[in-house]
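User: Could you walk me through this one slowly? I'm new to reading structures.
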Amino acid sequence: MIRFDRYKDGKRYALTFSYDDGCKQDRRLVELFNKYEMKATFNMNSRTVLTTTTGIRAEEIRPLFVEHGHEIACHSVTHPHLERMLIKDQYDELMCDREALEKASGTIIRGLAYPFGTYSAETFTAMDTASIVYGRTATSHGGFTLPDDFKVWNPTTHHNECERPVRSFIYNVTKAPWRAGGVLYIWGHAYEFDNPNAPVGWEKFEEILASLYEHRDGYWAATNLEIYDYVQALKKIRRSADGKMLYNPTDIDVWVSNDDEPLKIGACQTVIVD
Ligand SMILES: [Zn+2]
């Protein structure tokens, strides 16, 4: 039986992070992600990040993030409540952010974390027009499922509450690989780690990353956009009527389960199963 329940390299689980605002503490955080071979998405407000001295500078974006495989995504130009704005102004907030971040990063920006986590139906229209394919909210769902609609991508947990979901993720990865699998998605702001009263500070967070790293063979460490693109490719697999012929029309290698074993369907390849 074929099941569409695998991520890259046949893994049943994936791990991703999303950090907002482009603050100076991102420099320390990205070092931790690099050390533990994890991938993250950094959501930046181009006005505050690129034109002031308090955040990440434009010339740092490539060496600090992009060259280590991390994603840069939009967080709007000025961090407004998008849903309170005219649709054309929402569009400008997204498109101008894209342009500035693309210039700095040398990558094509396609993701968004909503400033304040808020949005409206018009925001979705502005995103479509600005070619932004996903939007991360600030509403944690505690689980490992992915959304049907990536414009409402609720993460698993804020890092301050991540200890329990991390424990159950590690349990699933190690003890119950037959479970449905899924994505552990942690989000936050790097400046929060500086707060001495925060439930999860720098040291605690490093311990958590180290505990995940021990089980790195069980999950795919990916940016938000890599997960989005992989899932879209998986949805595009064409199947013959008897289900024995599978064709991958995309430029991304995907994996499925064939009688519970991972089966690779390479980009533009057809695979026949018994
Ligand atoms: Zn923000």
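User: Is His79 buried or exposed, or something in between?

Analyst: His79 counts as partly exposed, because its relative accessibility is 22%; buried means under 20% relative accessible area, exposed over 50%, and partly exposed in between, with a 1.4 Å probe and protein chains only. This is a predicted model, in which local features need pLDDT of at least 70, side-chain atom pairs count only at pLDDT 80 or more, and totals for chains, interfaces and linings use all residues. Residues are numbered from 1 along each chain as its sequence is written, and side-chain values use heavy atoms, with hydrogens and water left out.

User: Ok, and which residues coordinate the zinc ion?

Analyst: Asp21 (OD), His75 (NE2) and His79 (NE2) coordinate the zinc ion at 2.0 to 2.1 Å, where donors are N, O and S atoms within 2.8 Å of the metal (3.2 Å for Na, K and Ca), and sites may look incomplete since water is not among the atoms. Along the sequence, the spacing of these donor residues is D-x53-H-x3-H. Asp21 and His79 link distant parts of the chain, 58 residues apart.

User: Switching topic, what is Leu146 in contact with?

Analyst: Apart from neighbours within four places in sequence, Leu146 is in contact (heavy atoms within 4.5 Å) with Tyr7, Trp153, Val183, Ile227 and Val231. Leu146 counts as partly exposed, because its relative accessibility is 24%.

Definitions and conventions. Helices (H or I, at least four residues) and strands (E, at least two) are DSSP runs, numbered from the N terminus.
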